[in-house]
Amino acid sequence: MAIFKGAGVAIVTPMNDDETVNYDKLNELLDEQIAGGTDAIVICGTTGESACLTVEEHLATIKECVEYVGHRVPVIAGTGSNCTRDAIAMSKKAEEYGVDGLLCVTPYYNKATQKGLIGYYTAISEAVHTPIIMYNVPSRTGCNIQPETAAYLAKNTKNVRALKAASGNLSQIAKTKSLAGDDLDIYSGNDDQIVPILSLGGLGVISVLSNVAPAKAHAICQSWFDGDVKKAAKLQLEAVDLIDSLFCEVNPIPVKTALNLMGKKVGPLRSPMCEMEEKNVERLKKSMQAYGIL
C-alpha cells in the first residue's frame, strides 16, 4: 500500500527572528496545507533546511509535526544522512514518534558507490519497520541511484517502498519503473515533471510548489487520477514559470522568500542560505502575481 498518493508538501521550517525554530508558525502552516488539500507532509527535508538544523532541532521538529498533524494526513520525515549510523539513529527516533514514512536521501558528499548505496538503504531498512522513500537528487549530493540499484532494493528489502525521483532524467526514471514495476512507488521530486512522471506510473509529487499553492499542486495530481489528462497538463504548464522562479536560486531560498512575500512570516534562512538577489526577488514577484498568489 502506498504511503500517499497525490501532492505531498516538502514544507519549510519557519524561524523566529533569532533563527530558532518557530513551532507556532509551523503549526499554522500545517493547518493551511491540510485545508488546502495537501495529501502528505514531508518534514525536515531539503526545503525544511534540514542540513542547518541541529540533531535536537531536527528531531523536535519531526515530533511536533507528527503530534500536531494527528493523523489528518500522512507525515514523512527526512532522516537520511551522509553517515549510515546517523541515518539509522534518526530513522529509529522518527519511527518512535509515529511517522508514516521516512525520506532518506543518498549519502551526500561521500558519493557512495552503488554497492555502498545498497548497504546504506539495506541497513536502514533492517533497523526500522516504517516504509522508506529513497531520495535521489544527484545535483545536490553528487550521488545517483541507478535504476538497477533502485529495483534491487525494492525487491530485496522489507520496507524500501518508494523513490523520490529528482534526477531530472526522465529516461532514467522510466527505466527504474520498468525494472522495479509495482515493487517501487515513484514520486516526482521536481515540480515541473509531475505529469510526465505520473504518465510513467508515478503516484504524485513531493513538492516545493505546494508551499505556496497547495490546492493547485493537489489539483495537478487529482486531475490525472480522475482521467482528465488535458486538465492535468494545463495546470502543469500554467505553473511552469512560477516553478522556474522558485528554483532561480538554490532551494529553499526562493520558496521561503515567496512565503514571506505572501505575509506568512516564516522568518529568515540559516547561513549558508542567504537573502535572494533583488533582481531574482522581482522575478519571483512577477511570477507569483501572474499565477494569482500575490
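**Pockets and a helix contact**

Q: How do the residues lining the second largest pocket divide by class?
A: Its lining has nine nonpolar, eight polar and five charged residues. Ala, Val, Leu, Ile, Met, Phe, Trp, Tyr, Cys and Pro count as nonpolar, Asp, Glu, Lys and Arg as charged, and the others, Gly among them, as polar.

Q: What kind of model is this?
A: The model is predicted: local features need pLDDT of at least 70 and side-chain atom pairs pLDDT 80 or more, while totals for chains, interfaces and linings use all residues. Numbering starts from 1 along each chain as its sequence is written, and side-chain values use heavy atoms, without hydrogens or water.

Q: Which residues lie nearest the centre of that second pocket?
A: Val137, Ala166, Gly189, Asn190 and Phe247, out of 22 lining residues. A pocket is an open set of points on a 1 Å grid where a 1.4 Å probe fits, with protein on both sides within 12 Å along at least five of seven lines; lining residues have an atom within 4 Å of a point.

Q: And the largest pocket?
A: The largest pocket has 29 lining residues, with Thr46, Ser50, Ala51, Val105 and Tyr108 nearest its centre. By class, 15 are nonpolar, eleven polar and three charged.

Q: Changing topic, which residues of H2 meet H3?
A: His58, Leu59, Ile62, Lys63 and Val66 of H2 meet Met90, Lys93, Ala94 and Tyr97 of H3, with contact meaning heavy atoms within 4.5 Å. Helices are DSSP runs (H or I, at least four residues), numbered from the N terminus.

Q: What classes make up that contact?
A: The contact of H2 with H3 comprises six nonpolar, one polar and two charged residues.

How values were computed:
Helices (H or I, at least four residues) and strands (E, at least two) are DSSP runs, numbered from the N terminus.
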